[in-house]
Amino acid sequence: MSDVHLNIRGRIAEIRLDNPAKLNAFTVDMLARLAAHLDTIERDTQIACVLITAEGEKAFCSGADINGWGDLTPAEFARHWVRGGHRIFDRLARLAKPTIAVLKGHAFGGGLELAAACDIRVMTPRATIALPEAAVGIVPGWSGTQRLARLLPEPVLKEMALFGRRVSAERALQFGFAAEVGEDVRGLAETMAARVTELSPRAVEIAKSMIHAAQGEDAGAMIEALGSAAISASDDRNEGVAAFREKRKPTFSGQ
């Protein structure tokens, strides 16, 4: 039975896709399970880093299961399948904790979009990435033409989306889409994650937010979050809260 599992070991969390019979293709239930695990991770302040992995060696994720969306009406397809998946992948991209996609196999369509929502990616030499949506009469719907446009050169993205070409791990490394390529990608990812646990969680979180804001990744929300964090440490914030509770006029110091 397909599923998405969450395993937390110390300060490192792992989300594992487990639908190997269909090359880990996303179903509606898997999307819902992914969203639930993101809820858990967001609430757990002890988690420092998140790995996104998949069962099997052949495919990290082959995309979205056509049986999950093939019979939907145009309105259902746009409103529920596409927008729903987009919201979940955006949540992954906006996690305060660093994320690493571990690609032991191919990442196609929605699988590539899932990997793109992570902060970095590690790949085996045999893994490839592709956007095959046009072959079944659709277009990328979970940020394939948006987030990937910031991660890959435009001609390469067009190779995949317009010409149906696969991109090798070696080329992905050259473009910076992959952080590293090696046989033991799990070991690479765990070493990176272990290093994160030695760093300041708040410094990592704020640095990630600043980088995302510079890239236009929901810049408004990022800026407001950073501003709110800064103001919450001020004397004026404490005075405002105290005055509200004491039903008096606040005296702000500007500190």
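Guide: The second largest pocket is lined by 17 residues. Nearest its centre lie Cys118, Asp119, Ile211, His212 and Gln215. A pocket here is an open set of points on a 1 Å grid over the protein atoms alone, where a 1.4 Å probe fits, with protein on both sides within 12 Å along at least five of seven lines. Lining residues have an atom within 4 Å of a point. This is a predicted model: local features need pLDDT of at least 70, side-chain atom pairs count only at pLDDT 80 or more, and totals for chains, interfaces and linings use all residues. Residues are numbered from 1 along each chain as its sequence is written, and side-chain values use heavy atoms, with hydrogens and water left out.

Now the space itself. The second largest pocket holds about 310 Å³. That volume is the space filled by probe spheres set on the points, which are joined across faces, edges and corners.

Next, the elements. α5 (147-151) and α9 (201-214) each supply at least two lining residues. α9 has the largest share, with five residues. Helices are DSSP runs (H or I, at least four residues), numbered from the N terminus.

Last, the classes. The lining of this pocket has nine nonpolar, six charged and two polar residues. Ala, Val, Leu, Ile, Met, Phe, Trp, Tyr, Cys and Pro count as nonpolar; Asp, Glu, Lys and Arg count as charged; the others, Gly among them, count as polar.
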